[in-house]
Amino acid sequence: MSYEIEFAESVKRQLRALTAHQRAEIFDGIEEQLTYEPFMETRNRKLLRPNPFAPWELRVGDLRIFYEPAPDGAPIVRVLAVGVKKGSILRIGGQEVKL
């Protein structure tokens, strides 16, 4: 089954804080990893402990994509935040955040 991808309004601002190359990596990673079986844990996809962003994380190099399933069980993945992680520092929209 194929999943539809939706982006939260805040993701548009967060994407503007990234370079064009990073945005391309984000979109390629989403298409490759989240279109089919987005809620199966893999090396790059994992279920997170409770946090203020999202229940799931996709890693694409040093980029992070936080997402959740649609609340009604529809085959939709909602991307809630994107950012860059360097070492132990995560930046979303250019601002450092803590998980």
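## Nonpolar core

In the largest nonpolar core, which has 25 residues, Ile26, Ile65, Phe66 and Val82 touch the most other members. Such a core is a set of buried Ala, Val, Leu, Ile, Met, Phe, Trp, Tyr and Cys residues joined through side-chain atoms within 4.5 Å; buried means under 20% relative accessible area, exposed over 50%, and partly exposed in between, with a 1.4 Å probe and protein chains only. Two or more residues each come from helix 1, helix 2, strand 3, strand 4, strand 5 and strand 6 (89-92). Strand 5 gives the most, with six residues. Helices (H or I, at least four residues) and strands (E, at least two) are DSSP runs, numbered from the N terminus.

The model is predicted: local features need pLDDT of at least 70, side-chain atom pairs count only at pLDDT 80 or more, and totals for chains, interfaces and linings use all residues. Residues are numbered from 1 along each chain as its sequence is written, and side-chain values use heavy atoms, with hydrogens and water left out.

Leaving aside residues up to four places away in sequence, Ile65 touches Ile26, Ile30, Trp56, Glu57, Leu58, Val60, Val79, Ala81 and Val82, where contact means heavy atoms within 4.5 Å.

## Helix 2

Helix 2 (residues 20-34) has 15 residues, which at 1.5 Å a residue should span 21 Å; its end C-alpha atoms are 21 Å apart, in agreement. The expected span is 1.5 Å times one less than the number of residues.

Gln22, Ile26, Gly29, Ile30, Gln33 and Leu34 are the buried residues of helix 2. Viewed down the helix axis, these residues fall within an arc of 100 degrees and therefore line one face, the arc being that of the directions from the axis to the C-beta atoms. Ala20, His21, Glu31 and Glu32 are exposed on the other side of helix 2. The cover over its buried residues includes strand 1 (4-7), helix 1 (9-16), strand 2, strand 3, strand 4 and strand 5 (76-86).

## Strand 3 and its partners

Strand 3 (residues 56-60) is largely enclosed by the rest of the structure, because four of its five residues are buried. Strand 2 (residues 45-47) pairs with strand 3 in the antiparallel sense over three bridges; strands pair if DSSP finds at least two bridges between them. Leu47 has Trp56 of strand 3 as its bridge partner.

Strand 3 also runs antiparallel to strand 4 (residues 63-69), joined by five bridges, and Leu58 has Ile65 of strand 4 as its bridge partner. These two strands form a hairpin with two residues between them, and Gly61 in the turn has a positive phi of about 65 degrees.

## The loop between helix 2 and strand 2

Glu37 is found in the loop between helix 2 and strand 2. Its phi is near 50 degrees, a positive value in a residue other than glycine. Most residues other than glycine have a negative phi. Glu37 is partly exposed, with a relative accessible area of 48%.

## Aromatic pairs

The whole structure holds six aromatic pairs. Rings of Phe, Tyr and Trp (its six-membered ring) pair if their centres lie within 6.5 Å; planes under 30 degrees apart count as stacked, over 60 as edge-to-face and the rest as tilted. Phe39 and Trp56 have ring centres 5.7 Å apart and planes at 65 degrees, so this pair is edge-to-face. The pair links the loop between helix 2 and strand 2, which holds Phe39, to Trp56 in strand 3, 17 residues apart. Phe39 is partly exposed at 25% relative accessible area, whereas Trp56 counts as buried at 8%.

Phe39 and Tyr67 have ring centres 5.9 Å apart and planes at 40 degrees, so their pair is tilted. Because Phe39 lies in that loop and Tyr67 in strand 4, the pair ties together parts 28 residues apart in sequence. Tyr67 is buried, with a relative accessible area of 0%. Ring pairs link Tyr3, Phe39, Trp56 and Tyr67 into a cluster.
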